[in-house]
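Dear colleague,

Please find the structure below, with its sequence. My notes on what was found in it follow directly after.

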Amino acid sequence: MSSTYSGIRESRPNTFNDCGGNSRELSSEFGKRCLKSADRTFSQGLQCQQINSMSALMSLDDSVFIAHSPQGCVGCTTLASDMYRVGQAHRGTKIIRSPRIIVTNLDQRDVILGGENKLKEAIGYAAERYNPKIIFVFTSCASGIIGDDIDAIVRDMQSETETLIIPVHCEGFKSKICASGFDSAFLSISKYILKGQKSEKQKGLINLFAPTSISYKDQLEMERMLHLLGLTVNYIPFYSSLEKIKNIPAAEASTSICKVFADEFMKELEENYNIPYSHTVMPIGVRNTDKWYKGVAALFGKEAEAEAYIKKEHARILPEIEKIRARLSGKRVFICGGTGRSFAAAALIDDFGMKLVGLETPTYDDDAQIDIEYLNEIHGDYMIDIANMQPFEQINIVNRLKPDVFIGVPGWSARLGIPTTHVLDMKRPTMGYDGILYLGNKIADQIENPGFNKKLALHARLPYRKSWYETNPFKFIKPLGE
Ligand code: SF4
């Protein structure tokens with residue numbers, strides 16, 4: 001996130017949200033810079049960036065989250081809220097609580113007359129009732145359209161309270177790439193908490209950026225691996241605190257668990273705080289876990305230690321992987337997920353001898369091209385759908401390809417009778433060397449026990465007309481200007 005980055009991922013060059021087709025053809029077009037910008041003339045169920053901004057910060061200690069929006073905007077927070085509650089249980093919290101979310105409930109009247117008074121009231125209420133360390137104010141499409149001056153309100157009210165009030169500009173209409181929501185959260189952390197202040201470096205301290213979707217088991221595994229390199233981990237912003245965020249500039253290096261989480265922020269930390277970073281892959285699967293670990297080790301000159309550990313872990317897990325391979329080899333897979341996980345899962349299935357036939361992921365950019373070229377080498381041709389959600393396209397493609405297993409957010413695909421399982425398992429291990437074994441066995445168990453999906457297919461109706469399944473799934477993607 002250089003000082004000029006807007007926080008809108010579409011502003012980065014060579015970024016595409018709407019395209020689909022054969023993997024080799026798309027990567028060749030992209031490589032030659034011939035991929036045309038396009039848009040969907042029909043779109044269904046886009047994930048908005050507000051939820052990513054909120055979920056990225058929701059587990060911070062002693063915070064209140066105000067959505068300056070209509071009530072419906074926070075509907076999606078139920079998932080992050082559930083994650084937060086489960087995460088507390090896994091961490092041994094005795095009294096589990098829900099995140100403190102307040103919605104200003106903008107309505108038709110506010111859209112005409114402005115909603116600023118409601119926001120002032122909500123901030124006052126949050127400070128009085130909870131006396132938190134931080135109040136985050138999240139903007140929405142509605143607050144953006146009516147032009148409420150949120151920064152001015154925050155400035156005025158900040159002078160009356162010790163509580164830090166931080167606006168996060170995450171109006172849903174600004175970006176079709178939901179990861180822009182992470183960037184909005186980090187832009188605000190940078191502007192309102194770090195403020196360019198440097199601090200004394202702490203030897204061996206590394207910032208480990210993690211999104212909400214990382215299970216506690218995965219957190220422990222990542223921390224354990226980094227401790228083996230003699231490092232101390234500042235795990236942020238998931239389950240962290242204002243103090244840990246303030247400690248970010250003291251780190252000697254940074255890395256992220258997810259490829260699209262904090263990647264821009266780490267650039268800013270390098271530019272402004274002299275903190276180098278490693279941005280490689282998500283540590284899912286043998287190849288990616290090796291690559292992620294080596295990337296971090298290189299920042300500290302600990303390559304030899306990393307190699308020794310990797311060798312030891314390979315000796316332990318490769319025989320186990322062989323057993324899973326015997327159950328999964330040759331199975332055809334469709335993968336759907338966020339950018340980091342979908343590419344990591346597509347590399348992981350190669351460990352088990354599985355073949356990728358389809359991949360749905362939200363964005364195609366220079367980073368994605370590196371992964372797609374690698375996947376083309378190991379899987380050959382497969383179908384790509386670059387889509388933020390769009391379940392109507394997904395079910396059309398999955399119905400054509402008829403994979404043996406669907407990995408990812410199944411949406412309607414579960415009703416096709418295909419075994420489905422998830423790599424975005426926010427409650428169980430997926431990462432590091434043990435995560436590979438857990439995930440592999442989970443996929444194999446699901447394929448060997450397809451009863452639920454088969455029964456579902458017998459009794460549930462598919463949501464679209466039969467003719468849609470015979471139509472080109474990318475029919476509604478039109479090059480801009482046509
Ligand atoms: S902020 Fe906009 S896109 Fe996001 S949920 Fe609200 S209305 Fe929808």
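N105 has a positive phi of about 60° although it is not a glycine, and lies in the loop between β4 (101-103) and α4 (108-113). Helices (H or I, at least four residues) and strands (E, at least two) are DSSP runs, numbered from the N terminus.

The model is predicted: local features need pLDDT of at least 70 and side-chain atom pairs count only at pLDDT 80 or more, while totals for chains, interfaces and linings use all residues. Residues are numbered from 1 along each chain as its sequence is written, and side-chain values use heavy atoms, with hydrogens and water left out.

Two further backbone features deserve mention. N14, in the segment before β1, also has a positive phi, of about 55°, although it is not a glycine. The peptide bond from I236 to P237 is cis, with omega near -10°, and P237 is found in strand β8 (residues 232-237).

Around the ligand are C48, C73, S140, C141 and G172, each with a heavy atom within 4 Å of it. This shell divides into three nonpolar residues, two polar and no charged. Ala, Val, Leu, Ile, Met, Phe, Trp, Tyr, Cys and Pro count as nonpolar, Asp, Glu, Lys and Arg as charged, and the others, Gly among them, as polar.

The largest pocket holds about 1,200 Å³ of space. A pocket is an open set of points on a 1 Å grid over the protein atoms alone, where a 1.4 Å probe fits, with protein on both sides within 12 Å along at least five of seven lines; lining residues have an atom within 4 Å of a point. Of its 47 lining residues, Q47, N52, C178, M389 and L424 lie nearest the centre of the largest pocket. Domain 1 (49-194) and domain 2 (318-479) both give residues to this lining, so the largest pocket lies between them; the domain bounds come from an automatic or database assignment. By class, the lining has 26 nonpolar, 16 polar and five charged residues.

The second largest pocket holds about 300 Å³ and is lined by 16 residues, with C19, G20, L26, L35 and I477 nearest its centre. β1 gives the most to this lining, with four residues.

Yours sincerely

Note on methods. Points joined across faces, edges and corners; volume = space filled by probe spheres on them.
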